[in-house]
Amino acid sequence: MAASASHRNPSMRIVFGGDGFLNDQTVKDLCRQACARRPDAEFVELDAASCDSYAFDEAVSPSLLSDAAVVRVSNLQGADDKLGDAMVDYLKHAGDDGGTVVICQHEGGMKGRRLIDVLKRAGADMVQVPDLKKADARINYVYQCFERRGRRVDPVAAQQLVNVLGGRTGELAAMCAQLCFDFDDDPIGVDRVNQYLTASPQVTGFVVADKAVEGRTAEAIVAMRSAIAQGTDPIALIGALAMKLRTMAKASAVRVGTISQSEANINPWVLKNAGRQLSGWSSDGMRRCIGMLAWADEQSKTNGGDPVYALERTIEAIGAKGRN
């Protein structure tokens with residue numbers, strides 16, 4: 001997901017907040033681009049939490065090695081007043097001449113905001129990083145990871161990546177890159193994604209849930225028993241089944257107008273797909289299956305309970321759309 005910038009003064013750019021991985025990646029990209037534009041420049045890394053104004057002045061001043069520098073300043077939120085004054089003074093006297101550039105990194109939050117406000121007034125370019133907290137933002141980020149490589153990803157595959165890796169943005173980015181490197185498929189499909197994620201109990205759970213909802217009960221039970229034999233905790237499978245039914249229940253509520261699509265707070269494509277899976281379901285059947293999942297959850301947490309038996313009975317109920 002692209003960060004937003006105001007492009008005011010290329011002599012100093014402040015990368016602010018948002019997702020931690022994306023923040024760091026944005027800083028690295030800006031440093032790499034700056035160094036590419038200034039092949040003779042010296043690259044200097046400073047930590048604002050520990051360096052002083054003298055170190056900063058030395059970094060941005062011409063040296064014996066080069067007249068220009070690319071200076072990365074991390075932990076801007078930790079800068080003291082003297083370092084802040086030196087940075088403001090540099091910015092006030094820096095020209096738009098393609099010389100030294102300073103790229104600052106701020107983790108977000110209120111600490112150090114006064115300095116940022118002063119630097120912005122002096123002309124610093126602000127780059128706001130998105131936080132990727134919402135599922136839609138994560139899925140869009142997955143799409144962009146593939147687009148940057150000139151590739152596409154199937155919506156089901158993108159959703160699977162987000163379902164499993166969640167807010168671990170670095171792992172999401174690495175997985176997208178690996179899939180593009182290893183496979184020529186365009187778009188990359190969910191089967192390719194699952195090839196690399198089969199060790200995850202979440203993947204196994206979603207596979208079991210999909211088979212159960214599709215009425216492929218025997219296949220779902222075989223997949224469930226195989227996953228448990230390989231060490232998957234039953235509670236992970238129960239969680240995936242519960243997530244699937246909750247999504248379908250929300251899709252049903254949107255369809256009849258009980259709640260709006262925005263109130264459902266689910267990716268529109270996921271909601272649409274869940275709506276297609278509602279055929280043959282009744283409200284009573286959905287309630288019965290959700291009750292079975294609660295019972296299976298209790299069995300998995302109770303001494304003497306049999307979670308595998310409970311899972312099997314629940315999968316059978318889901319496969320029959322709650323009619324048995």
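Where in the chain is the place of P187? P187 sits in the loop that runs between α7 (169–182) and α8 (190–197); helices (H or I, at least four residues) and strands (E, at least two) are DSSP runs, numbered from the N terminus. The structure is a predicted model, in which local features need pLDDT of at least 70 and side-chain atom pairs count only at pLDDT 80 or more, while totals for chains, interfaces and linings use all residues. Residues are numbered from 1 along each chain as its sequence is written, and side-chain values use heavy atoms, with hydrogens and water left out.

Along the principal axes, the C-alpha atoms fill a box of roughly 80 × 40 × 40 Å. Of the 324 residues, 47% count as buried. Here buried means under 20% relative accessible area, exposed over 50%, and partly exposed in between (1.4 Å probe, protein chains only).

Among contacts in the chain with a separation of 6 or more, 74% come from residues 24 or more positions apart, a contact being heavy atoms within 4.5 Å. The chain exposes about 16400 Å², and carbon and sulfur atoms supply 49% of that area; accessible areas come from the Shrake-Rupley method with a 1.4 Å probe, and for residues only the protein chains shown count as cover. There are 38 positive and 41 negative side chains, with the centres of the two sets 8 Å apart. Lys and Arg count as positive and Asp and Glu as negative, while His and the chain ends are not counted; each charge is placed at NZ of Lys, CZ of Arg, CG of Asp or CD of Glu.

The backbone has some details to look for. Most residues other than glycine have a negative phi, and most peptide bonds are trans. The peptide bond from D186 to P187 is cis, with omega near 10°. N75, although not a glycine, has a positive phi of about 55°; N75 is in the loop between β4 (69–74) and α3 (81–93) and counts as partly exposed at 29% relative accessibility. L132 is not a glycine either, and its phi is positive at about 55°. L132 belongs to the loop between β6 (125–128) and α5 (135–147), and at 5% relative accessibility it is buried.

Strand β3 (residues 42–47) holds L46, which is buried at 13% relative accessibility. Leaving aside residues up to four places away in sequence, L46 touches C51, A55, F56, A59, V71, R72, V73 and S74. L46 and S74 are 28 residues apart in sequence, yet their C-alpha atoms are 6.4 Å apart in space.

The cysteines complete the survey. Zero disulfides are found in a search of the whole structure, a disulfide being a pair of cysteine sulfur atoms within 2.5 Å. C176 is in no disulfide, its nearest cysteine sulfur being that of C145 at 4.4 Å. C31 counts as buried at 4% relative accessibility, and C176 counts as buried at 0%.
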